[in-house]
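Please open the model in your viewer and keep the selection tool at hand. This tour goes from one stop to the next and says what to select at each.

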Amino acid sequence: MPLPVPVLPEGVDAAWLPPRALRSVGSRRTLILGSGPLVETVHGEVADACGRFGGEVVRGEPSGAAYDLVLELTDAGPATGPGLGLGEEGFALRREDGTTTVTASGQRGLLYGLFHVVRLGEAAFGGERRPAETHRPAMALRMLDHWDNVDVHPVMGQVERGYAGGSLFWRQGRARGEVERVRAYGRLLAACGINAVAVNNVNVHATEARLLTDRLGEVAVLADALRPYGIRTHLSVTFAAPVVLGGLPTADPLDARVRAWWAEAVRGVYAAIGDFGGFVVKADSEGQPGPFTYGRSHADGANMLAAALEPYGGTVHWRAFVYDHRQDWRDRSTDRARAAYDHFAPLDGQFADNVLLQVKHGPMDFQVREPVSPVLGALPRTRLAVEVQATQEYTGQQRHVCWLGPMWSEVLRFRPAVSRVGELADGLVAVSNVGDDPFWTGHPLAQANLYTFGRLAWQPDADPLHVLDEWIGLTFPGAPRRLSAGLHAVLDGSWRTYEKYTAPLGVGFMVQPGHHYGPSVDGYEYSPWGTYHFADRDGVGVDRSAATGTGYAALYPTPWAQRYESPATCPDELLLFFHHVPYGHVLADGTTVIQHIYDTHFEGVEEVAEARRVWAGLADLVDAAWHARVAERYEEQLRSAREWRDQINSYFFRKSGVPDGRGRVIH
């Protein structure tokens with residue numbers, strides 16, 4: 001039987017799958033061949049669309065009648081047939097004699113093929129012929145990590161670094177039980193290619209720890225809701241679970257009792273959730289327990305969990321976010337940016353095959369501008385997943401428009417050596433930006449970040465602007481040119497606009513401590529967190545050169561080590577990340593560092609004001625509630641951008657004593 005399309009609660013936005021997005025499929029005659037649970041999902045999608053737009057869906061063997069669309073799950077073996085080389089998630093698309101055909105050898109592939117046809121819209125049915133093409137995900141893992149707390153945390157709230165309301169999954173210490181909305185969420189994720197979700201916080205608190213054992217039933221309900229859209233469910237676990245949950249005196253990964261406890265716990269997980277994906281682990285980082293307590297390495301810890309998961313096909317997602325967060329700010333030889341490399345590069349080749357080392361895209365913590373982490377080119381014998389942050393913790397917290405597609409594309413296209421990061425990685429993981437807000441992401445335009453993440457995880461070399469066009473076309477089917485142009489005007493350059501009015505030239509972390517929203521130039525400067533800019537009367541920036549600094553620049557292979565080593569060759573946008581330079585240092589465009597700071601902060605505010613003006617002019621083309629929410633967020637963004645401008649410029653004027661060369665008032 002076809003699986004019904006999930007019904008959204010009243011008032012919840014349809015995001016990039018409004019009913020009209022499926023008009024091109026729903027107005028035609030479709031044949032579906034094949035069987036299985038996800039084929040029933042495909043059938044349900046097509047049947048729902050046909051019920052709305054007058055088409056017809058047929059199951060079973062084809063008759064002599066003509067079909068506009070054929071969705072075919074083939075049983076062809078690996079050596080022959082149209083399913084050749086497609087795997088479980090790939091699909092082939094062709095159009096012959098006026099019929100568009102999607103062929104897949106796996107059920108997920110058929111589902112993704114359907115959503116590809118939805119993205120194409122009428123273009124999928126144009127002309128008598130369309131050259132055959134194949135589509136396969138470049139990365140096997142395309143995952144969202146929800147930092148959702150089961151209980152409301154006294155400091156971090158329901159969702160740690162969450163800016164879109166409460167959790168989709170949990171409320172007041174229990175599962176919410178809103179299965180239809182979770183199914184609708186899985187549908188949105190499948191439509192952009194995401195195939196995995198971790199449903200609880202990487203900082204595992206007491207209640208979250210119990211999800212592994214006596215509260216597995218609640219996780220199983222979520223897994224049941226996500227499964228029809230090809231989403232595998234994962235759990236974050238505490239490394240100390242054998243102590244916290246099992247009453248053992250130790251969590252030593254080499255202790256036989258500990259290994260036996262994990263083996264039994266994993267057996268219970270798979271008894272409840274047969275397609276469970278695996279564990280996400282944050283260990284020996286920011287107070288979380290880990291193998292260092294027992295004199296063991298991260299490979300020891302990860303491999304112990306991998307051994308428990310291996311019989312069931314599960315994966316350990318071991319986060320490389322490990323550093324000293326009790327640093328002496330006066331000690332300039334210690335460098336947080338080096339930490340992940342120093343901890344993990346020596347372990348290359350020691351991790352089990354079902355361990356994915358999850359590495360943040362930059363060496364610090366999701367700043368608006370960082371170099372690509374050298375870890376991503378330093379472990380050729382280790383499976384890697386790149387971690388990004390969709391939730392905008394340091395890029396406006398979904399109160400500011402900051403479309404991150406161009407940033408992520410730069411990371412994925414970066415070549416540490418011969419291959420690009422997107423070719424080296426086995427997976428792309430994002431910290432989720434979704435909550436129970438009616439618009440899913442709080443700021444409606446932040447939906448573009450989630451969609452773009454999924455599509456870049458599928459195709460890392462995709463043009464992000466093309467992906468943005470897809471999102472616009474799905475979210476606003478039949479959008480007039482003025483609306484499409486307006487959305488591009490406010491989104492295309494929004495990441496660089498945010499960079500202009502916040503932390504300059506790669507220096508980062510000039511934020512309010514704790515909540516990380518709004519400017520505080522010295523907020524973390526004299527703290528133990530290792531997040532320094534070292535501004536003084538003579539200059540600003542962190543010396544990470546090999547010759548006179550922390551040596552971080554030398555962690556990169558040729559030619560990057562040489563390029564980053566000298567202020568003369570370092571890219572200007574990363575200058576203050578790698579070097580402490582005088583305020584009078586001249587950038588490539590001929591301006592000094594201090595003048596660049598002044599100019600860009602004024603420009604950033606002007607660009608936000610212009611974006612607000614453009615958005616106001618689109619009121620007649622967008623749903624009133626949608627438009628009002630974005631307009632309200634623009635008011636806050638403009639206020640905050642002015643605050644950033646005034647604080648940053650005032651600070652550096654006082655430090656440097658150099659006035660603005662254009663004679664503007666520096667508050």
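Leaving aside its neighbours within four places in sequence, which residues is histidine 234 in contact with? Before you select them, note that this is a predicted model, in which local features need pLDDT of at least 70 and side-chain atom pairs count only at pLDDT 80 or more, while totals for chains, interfaces and linings use all residues. Residues are numbered from 1 along each chain as its sequence is written, and side-chain values use heavy atoms, with hydrogens and water left out.

**First stop: histidine 234**

Select histidine 234 together with Met143, Ala196, Val197, Ala198, Val199, Asn200, Phe276, Gly277, Gly278 and His317, which are its contacts once those sequence neighbours are set aside; contact here means heavy atoms within 4.5 Å. Histidine 234 sits in strand β13, residues 232–236, where a strand is a DSSP run of E with at least two residues, numbered from the N terminus. Its relative accessible area is 3%, so histidine 234 is buried (under 20% relative accessible area, with a 1.4 Å probe and protein chains only).

**Second stop: the cysteines**

The structure holds zero disulfides, a disulfide being a pair of cysteine sulfur atoms within 2.5 Å. Select cysteine 402 and cysteine 192: the sulfur of cysteine 192 is the nearest cysteine sulfur to cysteine 402, yet it is 19 Å away. Cysteine 402 is buried, with a relative accessible area of 3%, and cysteine 570 also counts as buried, at 4% relative accessibility.

Rolling a probe the size of a water molecule over the atoms shows where empty space is left. A cavity is a set of points, on a 1 Å grid over the protein atoms alone, where a 1.4 Å probe fits but cannot get out, and lining residues have an atom within 4 Å of a point. There are eight cavities of 30 Å³ or more, and the largest cavity holds about 110 Å³ of space. To find the largest cavity, select Ala320, Phe321, Ala340, Gly362 and Pro363, which are the closest to its centre of the 15 residues that line it.

How values were computed:
Helices (H or I, at least four residues) and strands (E, at least two) are DSSP runs, numbered from the N terminus. Buried means under 20% relative accessible area, exposed over 50%, partly exposed in between (1.4 Å probe, protein chains only). On a 1 Å grid over the protein atoms alone, a cavity is a set of points where a 1.4 Å probe fits but cannot get out, and a pocket is an open set with protein on both sides within 12 Å along at least five of seven lines; lining residues have an atom within 4 Å of a point. Grid points are joined across faces, edges and corners, and a volume is the space filled by probe spheres set on the points.
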